[in-house]
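Student: Please pick one part of this model and take me through it closely. Keep it brisk, and give me the cut-offs as you go.

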Amino acid sequence: RCQKDEDLLSPEIKNVSLAKEWFKKYEGNGDNLDLFKNLNYEWENAEIKETKDGAQLIVVPIAEAKKDESETWEQRLYIYKLNRNGYKALLYEFYPDKDTEDIVSVESNGFNGYIVAWDLKSGFIKSAKFINDVAVENGEVEVLSKDKVNIKNITAKVPQESDDANSSLPV
């Protein structure tokens, strides 16, 4: 009796494969922002997670092109499963606070720094400053041209204080 190769895959690998297939079509359909062209997605290191409300989420690391080894920022693609065949893709950038004694990764508890959310097609969505995994300020991002500033000096503007301090990004 013959079986398709897909039938032999674990549910996790199959879910990542389906999300990757969807993302390739999404990425190739229409223009993406220049900021996010030619990113190196590490699909082999993708993880399936669950959001606080029980929705499925696939986190894909991105191999960043850092100009200096001391840079500590990270980028990750988050693909949210909306329904049987629907997804939503957002790119998150994580900028740990360099003023703390130990730079805490976003993977551990107690993240301090900024998280910025982007839609690959429409641009900036939201940013927030976090102290010990709690959003304390919301902010905005200003993207400057390469002509005006060296790309490694681009940073998020200082966020304005907000009543919406309990919001969370990304999960």
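Tutor: Lys88 has 35% relative accessibility, so it counts as partly exposed (buried is under 20% relative accessible area, exposed over 50%, partly exposed in between, with a 1.4 Å probe and protein chains only). This is a predicted model: local features need pLDDT of at least 70, side-chain atom pairs count only at pLDDT 80 or more, and totals for chains, interfaces and linings use all residues. Residues are numbered from 1 along each chain as its sequence is written, and side-chain values use heavy atoms, with hydrogens and water left out.

The partner of Lys88 is Asp119: their side chains meet in a salt bridge, 3.1 Å from N to O (a side-chain nitrogen of Lys or Arg within 4 Å of a carboxyl oxygen of Asp or Glu). This pair links distant parts of the chain, with Lys88 in strand β5 and Asp119 in strand β6, 31 residues apart. Strands (E, at least two residues) and helices (H or I, at least four) are DSSP runs numbered from the N terminus. Asp119 counts as buried, because its relative accessibility is 7%. The whole structure holds two salt bridges. Glu74 and Arg76 form one of them, at 2.5 Å. Arg76 is buried, because its value is 10%. The charged end of Arg76 also sits over the ring of Phe94, 5.7 Å from its centre (CZ of Arg or NZ of Lys within 6 Å of the ring centre and within 35 degrees of the ring normal).

Now the rings. Trp22 and Tyr26 both lie in α2, four residues apart. The rings of Trp22 and Tyr87 are 5.3 Å apart at their centres, with planes at 40°, so the pair is tilted (rings of Phe, Tyr and Trp, its six-membered ring, pair within 6.5 Å between centres; under 30 degrees is stacked, over 60 edge-to-face, the rest tilted). Trp22 is in α2 and Tyr87 in β5, so this pair ties together parts 65 residues apart in sequence. Both residues are buried.
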